[in-house]
Each structure stands twice: as structure tokens, then as C-alpha cells.
Amino acid sequence: MTDPPQFMSAPDERGRFGHFGGRFVPEALIPACLELETAFVDAWSDPSFLAEYHKVLREFAGRPTPVTPLERLSERLGIRLFAKREDLAHTGSHKINNVIGQTLLTKRMGKHRVIAETGAGQHGVATATAAARLGLECTVYMGEVDTVRQALNVFRMELLGATVVPVTSGSRTLKDAVNEAMREWVTCVADTHYCLGSVMGPHPFPWMVREMQSIIGHEASRQLEDLGVGTPDVVVACVGGGSNAAGVFAGFANTTSRLVGIEAAGGSAVGKGSPGVLHGMRSLLIQDEFGQIEEAYSISAGLDYPGIGPEHAYLAESGRAEYFAIGDQDVIPALQLLSELEGIIPALETAHAVAWIAREAGTTIPRGSTVLLNLSGRGDKDVAQVRAILNGES
Amino acid sequence: MKSLEVQLRHLRDTGRKALVPYFVAGLTPDWVRHVEAAVHAGADAVEIGIPFSDPMMDGVVIQAAAMRALEAGTTLDSICADLAALGSPVPMIAMTYFNIFHHYGLERSAGKLRASNIIGAIVPDLALEEAADWKQACDASDVATVFLVAPSTTADRVARIAHASEGFVYASARMAVTGRASDAGESGRVVASIRAVSDLPTYVGIGITTPQQAREAGEQSDGVIVGSALVKLILDGGDASSVEAFVGGFRRALD
């Protein structure tokens with residue numbers, strides 16, 4: 001008799017989740033990836049490092065974040081809906097969990113500078129924040145299109161002492177910011193850590209970032225127990241690269257919970273993608289018939305990515321998690337729904353997950369089901385864009 | 001031993017330093033004329049860059065050239081069709097990112113290259129540890145797999161990479177993407193680390209922009225690869241005769 005499969009454990013020694021993952025980077029970066037893997041494995045089993053990580057999360061980032069019963073929306077939808085409130089974490093999203101871990105690791109490796117990519121700006125702001133706290137130099141690469149869509153986040157990063165570099169190559173969005181950060185990393189790898197913001201990239205990043213986000217799921221699991229809810233029937237999160245989803249799924253991967261990731265329709269790597277190699281990983285990618293990567297399109301900069309983290313590709317292929325897409329047109333109504341019924345303005349990224357729950361409640365989510373929504377970020381950054389859309393200006 | 005390696009070892013035995021210009025295939029409608037001009041000016045092999053949407057190892061010049069070539073509809077098939085008119089006056093080596101071959105199919109890609117007289121391939125984002133399937137596909141079609149050694153490569157890796165590489169070993173002169181040459185580079189040290197463990201021809205690339213740099217790199221190694229500086233000339237409107245003059249300048253510096 002064999003044990004049931006354990007999901008979301010460590011990848012194999014080549015960094016593979018099934019046949020996704022790996023380490024597809026130029027030779028110049030291989031030694032840095034190996035160094036990082038060794039440093040992460042060492043730190044993540046060191047009680048003093050973990051104690052420091054949890055101390056900073058508690059004292060600086062505001063963890064644990066609460067689980068909030070969404071009573072009016074539950075009543076409206078005929079389900080029992082709970083939100084894990086990552087919007088209440090410092091800097092306004094789950095991104096802080098990962099950057100606190102990685103910046104502590106940067107110090108531990110003896111490096112004094114971090115670089116990062118950002119789409120919506122949340123990861124860039126979080127990185128700039130954690131870097132400021134530890135006295136690390138910080139440079140953030142951001143697609144030029146996104147610097148316009150998220151101009152206030154650019155200013156936030158600058159207030160925090162970071163340098164923001166607009167990326168003008170390719171589609172000028174998140175995928176190009178990743179390319180540029182990788183190119184820059186080659187030139188400065190001796191003293192600089194690349195603080196990658198999602199569960200993507202070359203091994204060990206997908207695994208390391210998931211581990212550093214898994215606190216979301218582990219906290220939520222305990223909190224739902226405390227609320228007497230127990231194991232939720234469904235766990236839902238939005239997915240760009242997939243870090244908040246990986247973090248919350250990690251707490252429920254080996255339970256009976258149905259795990260659901262929601263992609264933007266214009267960036268749906270599971271729905272429209274095929275296996276390919278980009279940004280250091282083999283995963284599902286949106287690409288044309290010749291293997292050229294296509295541009296993603298989404299109302300939310302944070303989901304504007306043509307790929308998905310390799311562990312999600314594996315969870316999708318194995319059937320352990322399901323992935324669905326929500327189109328731009330359903331996102332603003334969902335944002336309004338949560339705002340008006342619950343007093344929480346979610347990020348546009350998060351609103352995709354809200355939209356799916358609202359659509360499926362009473363059908364594929366049976367009435368009376370318990371549902372955990374990972375409320376990955378707050379919508380402050382999106383308010384100007386939402387106003388423009390509602391005023392018919394964009 | 002694969003055909004590319006036979007030819008490049010023979011070239012070294014003659015005492016000639018190899019000059020390997022790099023072209024972005026499909027950059028202009030007459031790009032094959034540029035390849036011919038380079039051969040006429042004394043190139044010993046040519047790198048055929050197959051454009052990719054997300055060239056992680058390339059600087060601004062090759063990024064811009066790749067985008068222009070893709071906008072013109074360049075594909076692996078169109079490149080191979082263009083090359084059918086060329087014959088094979090010197091060895092041709094493909095350079096591209098792994099997703100192009102991954103998507104086309106590994107065995108099918110290697111067969112397609114070989115049928116177009118491309119007898120080697122450089123895939124900069126395919127690290128040694130991920131390359132077994134690709135190498136197997138190339139073995140079936142006599143396509144040499146060329147690997148890179150970087151200044152950051154540790155000694156144990158240099159030995160394994162040099163052992164796996166076929167045709168030549170690509171010595172990266174600096175920790176940078178293509179086209180940047182803000183420092184003197186580390187090619188001497190990198191080449192020495194390869195020669196300590198391998199007798200394969202070793203060529204220097206990444207940031208070789210002037211004949212003088214090529215001369216210095218040639219003194220340390222068995223040959224040089226010239227990419228971005230040449231691609232920039234073509235991006236800026238250079239024609240076949242200016243390519244010939246450019247490559248001729250590097251030839252004279254190496255001889």
C-alpha cells in the first residue's frame with residue numbers, strides 16, 4: 001500500500017514539481033542560484049533565522065492577519081465565506097511575507113543590495129520597504145506601461161529610498177521587468193540578491209517563495225479551526241505568478257479542501273497556455289505557434305503575466321487544484337460588491353477571486369459551503385483607475 | 001566527433017584564429033547577403049541568431065534587432081528556407097533560447113537545423129543540468145551542442161561544461177548581457193580555466209566590440225565571437241558592403 005501523494009512538499013533535487021520547474025538560466029547565474037539554494041535550505045532549518053523571520057512578521061508586518069467572516073456577502077451568496085486578510089499586512093498585500101524572508105536571507109548571505117521586478121507595484125513597494133528596514137540598497141524594475149498605471153506606487157518606492165527603473169523593452173509590462181531584472185542580476189550578482197516576487201523563476205525561487213508565503217495558509221488553517229469552521233470546502237485565490245495562491249494552498253494542500261486559482265482571462269496560462277521555458281522555469285506559458293511568448297492583457301497589472309509558477313502548473317496537471325479565468329468586465333462589479341457589502345475595497349487582482357465566488361455560489365460552490373477567500377491585497381492602489389473606469393474615462 | 005568539432009579543430013591546427021560573426025536572422029530581407037559578405041571578408045564560422053521574444057541574455061541592440069526580425073515574420077522555418085539559397089561555405093551555428101526548440105520539438109529542431117547546414121547550436125538559457133534531452137536530440141542529427149563558461153563558473157563546473165561542450169567552448173568575457181563592454185573583461189582568466197581541463201577550441205565572446213579587443217582576445221584564445229557591434233551596424237542601415245568592411249577589419253586584427 002502506498003501513501004497518498006503529499007502535495008506542496010519540496011521539489012526534487014533539480015527543482016522539479018513533476019516535469020515543471022527546473023533551472024533554465026544563463027551559466028553566469030547558475031552559481032548564484034546554487035548559492036541561494038544552499039543559503040535558503042540552511043536558513044529555513046535554522047531556528048534562529050526562523051525566529052527572526054516570525055518576529056519581524058509580527059512586530060513589523062502586522063501578522064497574524066485576521067480571518068474575517070464576510071457575513072453580508074455570505075448571506076447574499078448563500079454560502080459561508082471567510083476572508084484571510086492579507087490586505088491588512090504592512091504595505092497592503094501578502095507580498096511583505098516573502099520580502100521579509102528574502103531580505104533577511106540577503107543579509108545572511110553577506111549581500112548589501114537587492115533588485116526586484118514589479119507589476120502592479122505591490123512587490124516593488126514591499127521590497128523597498130523591507131530593504132529600507134534593513135539598510136539594503138534597492139533597485140526596482142517596472143514596465144513603463146505599469147509605471148503609468150501605478151504612478152503612486154512608483155512614488156511610494158522612491159519615498160522608501162528605492163530607485164525605480166522603467167523598462168522600455170518588449171511589452172513594457174511585468175514579463176519585461178523580469179527580463180530586465182535578470183539581465184541586471186548578471187552584472188551584479190556578487191553583491192546583489194534578486195528578490196523575486198512570485199513563485200516563479202529558476203529553482204529555488206518557486207519553492208522558496210512558496211515557503212515564505214505558506215504562513216498565510218498555516219495561519220488561516222488554525223484560525224478557521226478556532227472559529228469552529230474546520231477545513232473549508234473551497235479555498236480561492238487569484239493567480240498571476242501565483243504567490244498568494246501558493247501561500248494559502250500550502251495550508252490546505254493535503255486536506256479535502258477544493259483548491260481554486262483564478263487567473264485573469266487575458267493572462268490565463270493554465271487555460272490558454274502550453275508547456276514552455278521562460279524566466280528560468282519550465283511551466284505553462286501563453287505563446288504563439290512558434291514559441292514566441294505572447295503579451296498578457298489584464299485590467300490588473302499584477303495579473304498581467306503570460307506564465308504561472310511551475311508548482312501551479314503541476315497542481316493543475318495533477319488535478320489537485322483547479323484554475324479558472326475571470327474577464328475584465330466582471331472585476332469592477334466584484335470590487336464594488338465587496339466594498340459595499342463588507343467595507344473592504346480589494347485590489348483588482350483579488351477582485352478576480354471575488355468575482356468567481358460570486359459567479360459560482362449556488363452552482364459549482366453548493367449552497368451552504370464554507371469558502372476561504374485569500375484577500376491578497378487592498379485596493380487603495382487601484383482607486384484612481386477604478387474611478388476612471390466608472391466615469392467612462394478608460 | 002561531430003562535424004563542427006572536426007572543422008574547428010582543423011582550423012586551429014592551421015594556426016588561424018577563428019572569427020565568428022553573429023547575425024540576427026531575418027533582421028533585413030537580405031540578411032543572407034550579410035552572411036555571405038562576412039564569409040567573403042574572412043569569417044570562419046557564423047552564428048545564426050534565431051530571434052526570441054524574451055532574450056534574457058541579450059542587451060538592447062540584439063533585443064531591438066530580435067523584435068524587428070519577429071515583426072517581419074521571422075520563424076525557424078523561414079530562416080531555414082532563407083538559408084537554403086546559401087549553401088554552406090563555412091560552418092553555421094544557431095544561437096537562440098530554449099523555448100524555440102522546446103516548442104518546435106527537440107528532435108525536429110535538430111533535424112531542421114542539420115538539413116539547413118546548421119551544425120551547431122548555442123542555447124544560453126539551457127544550463128548543463130537541463131541539457132540532456134537536447135543533447136540527445138542533437139546527437140541524432142550531428143548538431144554540436146556548444147556550452148558557455150562564465151566568469152562566475154566554479155572550477156568543478158568548468159570541467160563538466162567543457163566535457164559536455166562540442167565544437168568549441170564559449171568563454172564569456174564578462175558578467176554582462178551581450179553588447180556591454182564597459183570594462184576590460186575577464187576573458188584571459190576564463191580561457192585559462194577552460195584550457196586547464198580541455199583541449200577543445202575556446203572562443204571568446206560577450207562585449208567584443210572593436211578590432212583591438214578582438215586582437216587581444218585572440219591572443220588569449222582560439223577565436224572570437226562578434227555580435228552586438230555588427231548587429232548595430234545592420235540595425236543602423238549598414239548594407240552588405242559595410243558588413244564586409246566591418247568583418248574585414250576584425251579579420252586583419254586577428255591575423
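The points below are grouped by topic.

This is a predicted model, in which local features need pLDDT of at least 70, side-chain atom pairs count only at pLDDT 80 or more, and totals for chains, interfaces and linings use all residues. Residues are numbered from 1 along each chain as its sequence is written, while chains are lettered from A and ligands numbered from 1 in the order in which they are written.

**Domains of chain A**

- Chain A comprises domain 1 (17-56 + 95-208) and domain 2 (62-93 + 214-390), with bounds taken from an automatic or database domain assignment.
- Between the C-alpha centres of domain 1 and domain 2 of chain A the separation is 22 Å.
- In chain A, 37 residues of domain 1 are in contact with 39 residues of domain 2 (C-beta atoms, placed from the backbone, within 7 Å).
- On the side of domain 1 of chain A that touches domain 2, strand 2 (20-24) of chain A gives the most, with five residues (strands are DSSP runs of E, at least two residues, and helices of H or I, at least four, numbered from the N terminus).
- That side of domain 1 of chain A has 15 nonpolar, 17 polar and five charged residues (nonpolar: Ala, Val, Leu, Ile, Met, Phe, Trp, Tyr, Cys and Pro; charged: Asp, Glu, Lys and Arg; polar: the others, Gly among them).

**Helix pair of chain B**

- The axes of helix 11 (residues 228-235) and helix 12 (residues 240-254) of chain B come within 10 Å and cross at roughly 160° (axes are lines fitted to C-alpha atoms, for helices over the stretch in contact, with angles from 0 to 180 degrees between N-to-C directions).
- Helix 11 and helix 12 of chain B are therefore roughly antiparallel to each other (angles over 145 degrees).
- B:Leu230, B:Leu233 and B:Ile234 of helix 11 meet B:Ser242, B:Val243 and B:Phe246 of helix 12.
- The residues of this contact between helix 11 and helix 12 of chain B divide into five nonpolar, one polar and no charged.

Definitions and conventions: Two residues are in contact if their C-beta atoms, placed from the backbone, lie within 7 Å. Angles under 35 degrees count as roughly parallel, over 145 as roughly antiparallel, 65 to 115 as roughly perpendicular and the rest as oblique.
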